[in-house]
Amino acid sequence: MSIPVSIPIELYEKAKAIAEAENVPVGEVFASAFMDQLAARARFELRAARGSREKFLAVLDKAPDVEPAPYDRLN
């Protein structure tokens, strides 16, 4: 099954170059990237399920209540 999607031309050109270098169809490049994204999301969800607000606040309570060093500030 295939479904048409709209993507920026710059992204398509990059995928096309990868496909040519790897001698695979462009659709396979996009499918592979999408599968990688789904796997990353699944890993994130598993890690998130192990956490809790209480654990986060307990760790945060251990951090000193001071201003960040100048090199850690956003300009």
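Before you click on anything, one convention: buried means under 20% relative accessible area, exposed means over 50%, and partly exposed lies in between (1.4 Å probe, protein chains only).

What you have open is a predicted model, where local features need pLDDT of at least 70, side-chain atom pairs count only at pLDDT 80 or more, and totals for chains, interfaces and linings use all residues. Residues are numbered from 1 along each chain as its sequence is written, and side-chain values use heavy atoms, with hydrogens and water left out.

Start by colouring by pLDDT, the predictor's confidence in each residue, from 0 to 100. The protein averages 93, and 100% of the residues score at least 70. Now select helix 1 (residues 9-22), where confidence is highest at 97, then helix 3 (residues 53-62), where it is lowest at a mean of 93. Helices here are DSSP runs (H or I, at least four residues), numbered from the N terminus.

Next up, salt bridges: a side-chain nitrogen of Lys or Arg within 4 Å of a carboxyl oxygen of Asp or Glu. Searching the whole structure turns up two.

For one of them, show the side chains of Arg41 and Glu45, which meet at 3.2 Å, N to O. Both sit in helix 2 (residues 26-50), four residues apart, so about one helical turn separates them. Check the surface too: Arg41 is exposed at 55% relative accessibility, while Glu45 is partly exposed at 43%.

Then jump to Glu67 and Arg73, whose side chains form a salt bridge at 3.7 Å, N to O. Here Glu67 is exposed, with a relative accessible area of 62%, and Arg73 is partly exposed at 40%.

Key. Helix = DSSP H or I, 4+ residues; strand = E, 2+ residues; numbered from the N terminus.
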